Amino acid sequence: MSTNPRNALNFSGGPGALPETVLAQVQQAIVEVPEVGLSILGISHRSAWFAAVVDEAERNIRTLLGLPEDFHVLFLQGGATQQFSMVPMTLLRGSEHPAEYIDSGYWSRKVISEARREGPVKTIWSGESCGFNRLPTDDELSFSADAPYLHYVDNETVEGLQFHRVLGRDDVPRICDMSSNFLSKPCDADKFSVIYAHAQKNIGPAGVTVVLVRDAVAKRSPDDLPSFLNYQRQIEASSNLNTPPVFAIYVVLLVTRWLLNDIGGLENMARINRHKAELMYSALDNAEGFYQGWAQKADRSTMNVAFNLPSAELQQAFFEQTRALGFSGLEGHRAIGGVRASIYNALTLPAVERLVEFMADFRRRN
Ligand code: PMP
C-alpha cells in the first residue's frame, strides 16, 4: 500500500477523509477483490458476492445503531438531496396539515425549499435573525400534534451547529438529516421514523445515501411515484432496483467493519470524536479572541468547527501556511467563508493535535 500522508490531514467538509486501513483495502479491491478475482469496478450488482456485501453492510449498521426491527436499511442514489424530496413526496402530498421544519442553517434551507414543492410546510423556528450561529432552545419550540412529521438537520455542516438532544414529540414522526454526523455517535434511532445520511462525510465516498425508514412510512409511498423514488419499491428490490453504486456501497461496508472491529462501536467513536472536538474548541476559547468560533457554545458541532480570524489578510496567511504543511480542506463553505475544520470519524486525534499546535503557533506569530 502506498500511503499518502496528506490524506491524514484532510479536514474537508466533504467528501471527507477515510480511514487508512479502508483506503488500503480499497486500493487492493480496485485491482482484485480476492474472493471474486475481479476488480471491484467490474463486479456485477446481481452477483451473490454483492448481495452479501449489501447484507453485511445492513447488518453492521443495524448492530452499530441498535436499530429496531421495523426499520428498513436502504442504500440509495441521488444524495441527501433526493431525500429532501422523497420524504415529502411520501408523507406530505395532499396533506391538509403542514409538516414542521426547523430552519437551522444552510442545509435546512435547501430541505425546506424542496419540501414546499410537495405540500404545506411550516417553519417552526428560524436562525435567520441570529445569523445562524445558534440552535433553538426548548422554550423556543412548540410542536403540533397534527403535523404529518417534523424534519430537522441534526448537524449543520456549514455553520458547525449540532443538536445535542432529540427534538419533537413521540406522537409525530421525526425525520432527520444526519448526513454530516451519521455513525459518529449513538443516535437514539428508536425515536425516529426516517433517518438519512449520504456517505461522503463519515462512512464512504459520494454516490450512496443510507436511508433508514420505518415500515409504516414506506407503506405510505404513493403508487404514482416513479419506482426509483418509492421507498416501498426500493425495499422490495433490496436497494437493487437499478444498477446501484457497487463501489460506494462496498466502501461503506469496509467503514462499518472498521467501526465495529477497529474502533469498537459508536460509544467509542463518540468518545474519540468528543476528545477531538474539545481540543479544537479549546484552541478557539484559549485564543483571547484571535480565533472567533461561529457557533454558540451550547450548539457546537463535534464534526465541523467553523471559525474566523481577525482579518482577511491573516485568514489568507492561515490558508497558505496550512496548505504548505500538508493540511487541506480548511476553507470555510462559500456561503459563510472563514475557516472550517471538519473532524469526521476518520480524521485522527494526532491530526487534530497538529492543527491545534499550528493554530497556537500561528497566533503567537501574529
Ligand atoms: N445535508 C447535509 C447536512 C449536508 O452537509 C449536505 C452536503 N454537504 C447535504 C445534505 C446535501 O447532500 P448531497 O450533496 O449528497 O445531496
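Tyr 106 is buried, at 16% relative accessible area, where buried means under 20%, exposed over 50% and partly exposed in between (1.4 Å probe, protein chains only). The structure is a predicted model, in which local features need pLDDT of at least 70 and side-chain atom pairs count only at pLDDT 80 or more, while totals for chains, interfaces and linings use all residues. Residues are numbered from 1 along each chain as its sequence is written, and side-chain values use heavy atoms, with hydrogens and water left out. Helices (H or I, at least four residues) and strands (E, at least two) are DSSP runs, numbered from the N terminus.

**Aromatic pairs**

- The whole structure holds 18 aromatic pairs; rings of Phe, Tyr and Trp (its six-membered ring) pair if their centres lie within 6.5 Å, and planes under 30 degrees apart count as stacked, over 60 as edge-to-face and the rest as tilted.
- One of these is the edge-to-face pair of Tyr 106 and Trp 107, with 5.0 Å from centre to centre and 85° between the planes.
- Trp 107 is partly exposed, at 27% relative accessibility.
- Phe 318 and Phe 362 make another edge-to-face pair, with centres 5.4 Å apart and planes at 90°.
- Phe 318 belongs to helix H9 (residues 312–324) and Phe 362 to helix H10 (residues 349–365), so this pair ties together parts 44 residues apart in sequence.
- Phe 318 and Phe 362 are both buried.
- These two residues are also members of a cluster linked by ring pairs, which includes Phe 11, Phe 290, Tyr 291, Phe 307, Phe 319, Phe 327 and Phe 358.

**Helix H4**

- Tyr 106 is one of the buried residues of helix H4 (residues 106–116), along with Ser 108, Val 111, Ile 112 and Ala 115.
- An α-helix has 3.6 residues a turn, so residues three or four places apart point the same way.
- The buried residues of H4 pack against helix H3 (79–91) and against strands E2 (99–103), E3, E4, E5 (155–156) and E8 (194–198); contact means heavy atoms within 4.5 Å.

**Helices H8 and H10**

- Helix H8 (residues 266–285) and H10 have axes that come within 10 Å and cross at roughly 5°; axes are lines fitted to C-alpha atoms, for helices over the stretch in contact, and angles run from 0 to 180 degrees between N-to-C directions.
- H8 and H10 are therefore roughly parallel to each other, as angles under 35 degrees count as roughly parallel, over 145 as roughly antiparallel, 65 to 115 as roughly perpendicular and the rest as oblique.
- On the H8 side, the contact is made by His 275, Lys 276, Leu 279, Met 280, Ala 283 and Leu 284.
- On the H10 side, their partners are Leu 349, Val 352, Glu 353, Leu 355, Val 356 and Met 359.
- The residues of this contact divide into nine nonpolar, one polar and two charged; Ala, Val, Leu, Ile, Met, Phe, Trp, Tyr, Cys and Pro count as nonpolar, Asp, Glu, Lys and Arg as charged, and the others, Gly among them, as polar.

**Salt bridges**

- A search of the whole structure gives 20 salt bridges, each a side-chain nitrogen of Lys or Arg within 4 Å of a carboxyl oxygen of Asp or Glu.
- Glu 56 and Arg 257 form one of them, at 2.8 Å from N to O.
- Glu 56 sits in helix H2 (residues 48–65) and Arg 257 in helix H7 (residues 246–263), so the bridge ties together parts 201 residues apart in sequence.
- Arg 257 is partly exposed, at 29% relative accessibility.
- Asp 138 and Arg 165 form a salt bridge at 2.8 Å, N to O.
- Asp 138 lies in the loop between strand E3 (121–126) and strand E4 (150–153), and Arg 165 in the loop between strand E6 (161–162) and strand E7 (174–177), so parts 27 residues apart in sequence are tied together.
- Asp 138 is exposed, at 51% relative accessible area, whereas Arg 165 is partly exposed, at 27%.
- In the salt bridge of Arg 169 with Asp 171, the closest N and O atoms are 2.7 Å apart.
- Arg 169 is partly exposed, at 30% relative accessible area.

- Asn 304 lies in strand E11 (residues 304–308) and is buried, with 0% relative accessible area.
- Beyond residues up to four places away in sequence, Asn 304 touches several residues, including Asn 155, Glu 156, Ser 180, Tyr 281 and Arg 340.
- Ile 61, in helix H2, is buried at 0% relative accessibility.
- With residues up to four places away left out, Ile 61 touches Val 73, Phe 75, Phe 182, Val 210, Leu 212 and Thr 256.
- The C-alpha atoms of Ile 61 and Leu 253 are separated by 9.0 Å, although these residues are 192 apart along the chain.
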